Amino acid sequence: SKVINSLYGFVSLGWDNKLYLDLTGRNDWSSTLSPGNWSYFYPSVAASFLLDQLFDFKTLIPQISFAKIRLSWANVGNDTSPYSLDQYYSAAAISGGYTLPSTIPDPMIKPENVASWELGLDAKFFKNRLGFDLALYTSNTTNQIVSVDIDPIVGASSMKINAGEINNKGIELALYANPVDINGFKWDLNLNW
């Protein structure tokens, strides 16, 4: 079995309906990790700025109905599956006896960690009939918990370890259009890339 105890905090701040800041913090204590590594903290910060309100676009550029820029950073932890710290016997279906698992555990396994950034721009035009949402993101994963193949001469076929670093980067673009809105008939188009 697996037990996770958590403590979570959230603060949301706003100023003049123009600037917003969200802060979170969470700490988990997982029974699937060793006592020296069983506690892990992961925070996040997100800020958004309503550009159309800050710069009064309704007066300056009336075609812009809404414009928001956002920036966020998050750090997320992850534990492993139950019974990953020690070898244990399991019942063998054929012989009726007991066997050791084929994976050697690492009793000092650390939690996985993912740190990510996102920058986005959301804009709508012509009374919200046309718009887009553009996001640039990057995430970096470290201490991945993986099983790697080992020589079977040691009595197992794999070993569970922390390894690697993976970086993901990307661009996401969502387009929105409302080309027809006549006498109760409305047609919306949404495209994602």
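**Ground rules.** I am working with a predicted model, in which local features need pLDDT of at least 70 and side-chain atom pairs count only at pLDDT 80 or more, while totals for chains, interfaces and linings use all residues. Residues are numbered from 1 along each chain as its sequence is written, and side-chain values use heavy atoms, with hydrogens and water left out.

**Aromatic pairs.** I looked up the ring pairs, for which the centres of Phe, Tyr or Trp rings (for Trp, the six-membered ring) must lie within 6.5 Å, with planes under 30 degrees apart called stacked, over 60 edge-to-face and the rest tilted. The structure has three aromatic pairs. One of them joins Y40 and Y42, which are stacked at 5.9 Å centre to centre with 20° between the planes. I then checked accessibility, where buried means under 20% relative accessible area, exposed over 50% and partly exposed in between (1.4 Å probe, protein chains only), and found both Y40 and Y42 buried. F125 and F132 also form a stacked pair, at 6.2 Å centre to centre and with 25° between the planes. F125 counts as partly exposed because its relative accessibility is 21%, and F132 is likewise partly exposed because its relative accessible area is 25%.

**Nonpolar patch.** I noted a nonpolar surface patch of about 590 Å², made by W15, F49, L54, F55, L60 and I61. Patch members have over 30% relative accessible area and no salt bridge, and nonpolar side chains (Val, Leu, Ile, Met, Phe, Trp, Tyr) are joined within 5 Å; a salt bridge would be a Lys or Arg side-chain nitrogen within 4 Å of an Asp or Glu carboxyl oxygen. I followed L60 to helix α2, residues 57-60, where helices are DSSP runs of H or I of at least four residues and strands are runs of E of at least two, numbered from the N terminus. L60 counts as exposed because its relative accessibility is 59%.

**W29.** I placed W29 in strand β2, residues 19-30, and it is partly exposed because its relative accessibility is 28%. Leaving aside neighbours within four places in sequence, W29 is in contact (heavy atoms within 4.5 Å) with V3, I4, N5, S6, L7, W38 and S39. The C-alpha atoms of W29 and D151, 122 residues apart along the chain, are separated by 34 Å.

**T103.** I found T103 in strand β7, residues 103-104, and it counts as partly exposed because its relative accessible area is 24%.

Key: Patch = residues over 30% accessible without salt bridge, like charges linked within 9 Å, V, L, I, M, F, W, Y side chains within 5 Å. Areas by Shrake-Rupley, 256 points an atom, 1.4 Å probe, with all protein chains shown as cover.
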